[in-house]
Amino acid sequence: MRVGVVSDTHGILRPEVPALLAGCDAILHAGDVGHPAILTQLAAIAPVSAVRGNVDTAGTLARLPDNLAGELAGLRYRMVHRREDVGARWSAEHDLLVFGHSHRPELEWRGSCLLLNPGSCGQRRFRLPLTLALLTIRDGRLTPEILAVE
């Protein structure tokens with residue numbers, strides 16, 4: 001299974017993003033979507049699960065959950081927008097924790113749990129690179145990769 005992970009699009013879906021996500025079986029969006037059309041465009045690639053970010057305050061985006069738990073190819077995941085909102089026991093209860101908000105890509109293993117921030121693939125901020133993440137799940141093993149969008 002191949003999973004695309006994005007965050008902090010802030011209403012911008014750069015043309016490189018769909019090309020990088022092509023062939024994904026699922027897409028996770030860790031908030032600050034910025035415009036509902038982003039989720040529609042991503043859903044044309046693969047089924048999308050998304051959480052509400054701090055800029056997602058109106059309309060359908062305001063109704064996104066603040067955290068989401070699910071399963072990907074037998075691995076348990078949890079997603080929130082801000083790392084500060086990750087529950088203390090979540091890394092012991094899940095295989096993958098996804099968050100965004102800082103626009104800074106991050107991969108950290110905490111035991112057998114991967115903490116992942118894909119960075120931002122929307123509006124450039126703080127002189128940080130534009131990035132997203134791809135996850136490959138095969139035989140119960142999770143392999144992450146951070147990709148440059150530009």
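This is a predicted model: local features need pLDDT of at least 70, side-chain atom pairs count only at pLDDT 80 or more; totals for chains, interfaces and linings use all residues.
**Ground rules.** I number residues from 1 along each chain as its sequence is written, and for side-chain values I use heavy atoms, with hydrogens and water left out.

**Entry 1, Ser7.** I looked up Ser7 and found it in the loop between strand E1 (2-6) and helix H1 (16-21); helices (H or I, at least four residues) and strands (E, at least two) are DSSP runs, numbered from the N terminus. I put Ser7 down as buried because its relative accessibility is 0%, where buried means under 20% relative accessible area, exposed over 50% and partly exposed in between (1.4 Å probe, protein chains only). The side chain of Ser7 makes a polar contact of 2.7 Å with the side chain of Asp8. For this term I require a pair of N or O atoms within 3.5 Å; within protein, one must be able to donate a hydrogen and the other to accept it, and residues adjacent in sequence count only if both atoms are side-chain atoms. I also noted a polar side-chain atom of Ser7 at 3.4 Å from the backbone oxygen of Ala30. Beyond the neighbours within four places in sequence, the residues in contact with Ser7 (heavy atoms within 4.5 Å) include His29, His81, His101 and Cys121.

Which side chains make polar contacts with that of His103? I found His10 at 3.4 Å and Ser120, also listed at 3.4 Å. His103 sits in the loop between strand E6 (96-100) and strand E7 (106-110), and I count His103 as buried because its relative accessible area is 4%. Leaving aside neighbours within four places in sequence, I see His103 in contact with Asp8, Gln123, Arg125 and Phe126, among others. His10 belongs to the loop between E1 and H1 and is buried at 14% relative accessibility; although His10 is not a glycine, its phi is positive, about 50°.

Ala73 lies in the loop between strand E4 (67-72) and strand E5 (75-82), and I list Ala73 as partly exposed because its relative accessible area is 47%.

Strand E9 (residues 131-138) runs antiparallel to strand E10 (residues 141-148), and I find eight bridges in the pairing; two strands pair if DSSP finds at least two bridges between them. Ala133 has Ile146 in E10 as its bridge partner. Two residues separate the strands of this hairpin, and Asp139 in the turn has a positive phi of about 55°.

I take a nonpolar core to be a set of buried Ala, Val, Leu, Ile, Met, Phe, Trp, Tyr and Cys residues joined through side-chain atoms within 4.5 Å. The largest has 20 residues, of which Val6, Val17, Leu21, Leu42 and Leu132 touch the most other members. Two or more residues of this core come from each of H1, helix H2 (36-43) and E9, with H2 giving the most, three residues. For Leu42, leaving aside neighbours within four places in sequence, I list contacts with Val6, Leu13, Leu21, Ile27, His29 and Val48. Apart from this core I find another, of 18 residues, including Val3, Leu75, Val98 and Leu116.
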